[in-house]
Structure formats: structure tokens, C-alpha cells
Amino acid sequence: MKPTIEILERTKKNSETNKDEVFTKLYRYMLRPDLYYIAYEKLYSNNGAATKGVNDDTADGFSDEKIDKIIKSLTDESYSPKPSRRAYIKKQNGKKRPLGLPTFTDKLVQEVLRMILESIYEPVFLDSSHGFRPKRDCHTALKAVQYQLNGARWFIEGDIKGCFDNIDHSVLIGFINNKIKDARLIKLICKFLKAGYMEDFQYNNTYSGTPQGGIVSPILANIYLHELDKFVEKMSIEFQAPKKRYVTSEYSKISSAMARSKKKLEKAVEAGDYAERNSLRQKIKSLRSELLKTPCKSQTDKKIKYVRYADDCAPRMRGQAVQTA
């Protein structure tokens with residue numbers, strides 16, 4: 001049997017070659033054991049591998065029998081994610097942010113699902129997106145700002161409040177349906193979205209959002225916000241306007257006056273007219289001083305540059321649009 005990771009690499013290349021390709025029959029990859037071993041290796045090295053969810057299921061209970069049990073439940077579609085255990089982490093401003101802690105079995109399944117979704121969507125996501133993506137973070141976003149926004153005059157910063165908590169499930173599923181036509185995979189994603197959470201021994205439904213702390217949550221949020229990225233990209237193309245002229249008319253006028261004065265100065269020097277020479281030198285000095293105070297570039301062009309990222313300490317998405325004129 002061909003390793004599933006190689007199949008996903010091929011899927012990734014197909015998605016990169018044809019951005020509009022629609023994928024089917026992806027659920028079968030959820031039933032291949034080799035992906036669960038890869039998922040386990042990634043999860044076991046994480047500090048939260050031993051963190052318990054709503055039960056005692058942790059990384060220590062991993063085995064071939066566990067994988068077989070998971071695959072069997074996925075095959076007959078009896079698999080049902082457990083609610084996440086709700087915990088809270090402190091923010092820098094002293095407030096607390098809710099965090100969901102899934103069971104290890106659910107983490108395994110989510111990691112496999114994440115690998116499948118990433119192979120399809122990662123080549124499709126735009127370069128403006130830096131949040132929770134491989135080899136991308138706040139630092140790559142800062143580099144994009146540094147190299148792309150030279151000469152920017154206006155900065156617009158936006159913070160999406162409660163991004164993970166307020167994602168509309170039906171809208172998200174609609175976006176995924178545009179790219180993936182696999183009812184069983186969509187159904188599995190819906191199960192994770194509707195799994196709910198436990199807080200103070202009380203079960204709570206999740207009517208919106210993707211659970212913070214869930215392994216599959218970041219890529220689901222990126223799928224959702226990819227539509228925002230596409231909207232801003234389209235808007236920037238429509239907004240963009242070329243320069244009407246390179247330098248301002250004021251700068252050109254003074255520059256031309258200096259050029260004429262320099263030619264007159266050359267003739268005055270050749271003719272030996274010292275009075276005219278001194279007068280012209282004083283005039284050129286005055287013009288040069290005025291030129292240094294006059295804006296050079298016309299700045300009649302219009303551009304929008306957009307960068308979206310997520311800070312490192314918490315799964316919060318940020319967007320920044322920049323207009324240069």
C-alpha cells in the first residue's frame with residue numbers, strides 16, 4: 001500500500017496546480033493507519049500530550065488496538081467526539097480566554113483531519129495570510145510589512161474580536177462544500193463543531209465557533225477567513241491606480257529654474273561677468289534650499305497592501321490593511 005502521506009503530497013500538488021479543483025473521496029484517508037502513527041509522533045512531542053480532557057484518555061494509551069478501534073468507529077460512522085474540557089488561560093491584560101481541551105483520541109482524529117485539509121487548502125491560501133500556517137507566523141507578517149509597505153501613508157489595523165468563538169457553522173460548512181464534495185468528511189467536521197464542552201461538570205452546546213485548543217480549529221478558521229482575504233485582494237485590485245506623474249509640478253518648476261540658472265552661470269563665467277556670476281550663485285543656492293523643502297514624488301498612485309496574522313500567545317486573528325498614495 002502506498003504511504004498515505006505521499007498521496008497527500010500529490011493532492012497538495014494538484015491543489016497548487018489547479019486552484020479551482022474540487023476534491024472528493026477524502027474520507028477514505030481517515031481510515032488508513034499510517035496517518036495515525038504520524039499524528040501520534042506530532043502529538044506526543046507536544047507538552048500537552050499528557051493533558052487530560054473530560055476523561056483519562058492520554059497519549060500513554062496509544063496502541064495498534066486503539067488505532068483499529070478508531071478506524072472501525074470511523075468506518076461505520078459511529079465515532080462521536082467527546083466534549084472538550086473548558087479551561088481558562090490568562091491574557092496579558094489580565095482577562096481570561098477560554099480554552100478547549102479535547103481527549104487524546106479526539107486529538108489524534110483531528111490531527112489526521114488537519115493533515116488532509118492542509119494538503120488541499122495550504123496551496124490555495126493567499127500570501128497575505130500568516131496566521132497558523134506552516135513556516136508562517138507574526139515574524140513573517142512583520143517581514144511582509146517591512147518589505148511591501150515602503151512609502152505607506154495610512155495604516156488601518158483591525159482586531160477580529162472573539163474570532164474562534166463567533167465562526168458561523170453553516171457558513172463555514174458552505175465554504176468547505178465549495179472545495180470538498182465528500183459527505184462523510186463534512187459530517188465528521190460537523191461532529192467536531194457540535195461536540196460541545198464541559199465546564200464545572202455541566203455540558204454546554206456549541207452553536208457557533210471552533211473550539212480554541214482544538215487541533216483542527218486553526219485551519220478551519222483560516223478556511224473561513226480565506227474569504228476575507230480574497231475580498232480584500234479583489235478590492236485592492238479595483239482600488240489600485242497608477243501614478244499620473246512621477247514628481248510634483250512644484251518640484252519640477254524649481255528644478256527647471258535651477259537648470260536654467262546653472263546654464264546662465266556657465267555663460268557668465270565664460271564671459272568673465274563676476275557680478276552676474278555671484279548673483280546667479282546666490283540664486284542657485286536659494287533655489288536649492290527651496291527644492292529641499294518641496295515634496296518630490298507626486299504620490300498620485302493608490303495601492304492597498306493587506307496582512308493577516310495571529311499572535312503567538314493565543315489563537316486570535318488580526319488583519320491590517322494599508323493604503324499608500
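How exposed is Q148, buried, partly exposed or exposed? With a relative accessible area of 44%, Q148 is partly exposed, where buried means under 20% relative accessible area, exposed means over 50% and partly exposed lies in between, computed with a 1.4 Å probe on protein chains only. This is a predicted model, in which local features need pLDDT of at least 70 and side-chain atom pairs count only at pLDDT 80 or more, while totals for chains, interfaces and linings use all residues. Residues are numbered from 1 along each chain as its sequence is written, and side-chain values use heavy atoms, with hydrogens and water left out. Helices (H or I, at least four residues) and strands (E, at least two) are DSSP runs, numbered from the N terminus.

**The four-stranded sheet**

- An open sheet with mixed pairing is built from four strands in the order β3-β2-β6-β7, two strands being taken as paired if DSSP finds at least two bridges between them.
- The edges of this sheet are β3 (96-101) and β7 (202-204), each of which has a single partner strand, so one side of each is left without a neighbour in the sheet.
- On average, and with direction ignored, neighbouring strands of this sheet are turned by 45° against each other.
- Strand β2 (residues 84-90) and β3 run antiparallel and are joined by six bridges, with K90 standing opposite K96 in β3.
- β2 and β6 run parallel and are joined by two bridges, with S84 standing opposite Y197 in β6.
- Strand β6 (residues 197-199) pairs with β7 in the antiparallel sense over three bridges, and the bridge partner of M198 in β7 is Y203.

- G196 lies in the loop between α7 and β6 and counts as buried, at 7% relative accessibility.
- Not counting residues up to four places away in sequence, G196 touches P83, S84, Y203, N204, N205 and T206, contact meaning heavy atoms within 4.5 Å.
- G196 and W154 are 42 residues apart along the chain, and their C-alpha atoms are separated by 42 Å.

**Helix pairs**

- Helix α1 (residues 4-17) packs with helix α2 (residues 33-44) at an angle of about 90°, their axes being 8 Å apart; axes are lines fitted to C-alpha atoms, for helices over the stretch in contact, and angles run from 0 to 180 degrees between N-to-C directions.
- That angle makes α1 roughly perpendicular to α2, on a scale where angles under 35 degrees count as roughly parallel, over 145 as roughly antiparallel, 65 to 115 as roughly perpendicular and the rest as oblique.
- T4, I5 and L8 in α1 meet D34, L35 and I38 in α2, and by class this contact has four nonpolar, one polar and one charged residues; Ala, Val, Leu, Ile, Met, Phe, Trp, Tyr, Cys and Pro count as nonpolar, Asp, Glu, Lys and Arg as charged, and the others, Gly among them, as polar.
- The axes of α6 and α8 cross at roughly 80° and come within 10 Å, which makes α6 roughly perpendicular to α8.
- V171, L172, F175 and I176 of α6 make the contact with L220, I223, Y224 and E227 of α8, a contact that by class has seven nonpolar, no polar and one charged residues.

- In helix α5 (residues 138-148) the buried residues are C138, A141 and A144, and seen down the axis of α5 they fall within an arc of 115°, so they line one face of the helix; the arc is that of the directions from the helix axis to the C-beta atoms.
- The buried residues of α5 pack against β8 (303-310), whereas H139, L142, K143 and Y147 are exposed on the other side of the helix.
- Q148 also belongs to α5, and Q148 and V307, 159 residues apart in sequence, are 10.0 Å apart in space, C-alpha to C-alpha.
- Helix α7 (residues 183-193) has L185, I186, L188, I189, F192 and L193 buried, and these cover an arc of only 155° around the axis, which puts them on the same side of α7.
- The cover over the buried residues of α7 includes α3, α4 (104-121), α6 (169-179), β5 (180-181) and α8 (217-239).
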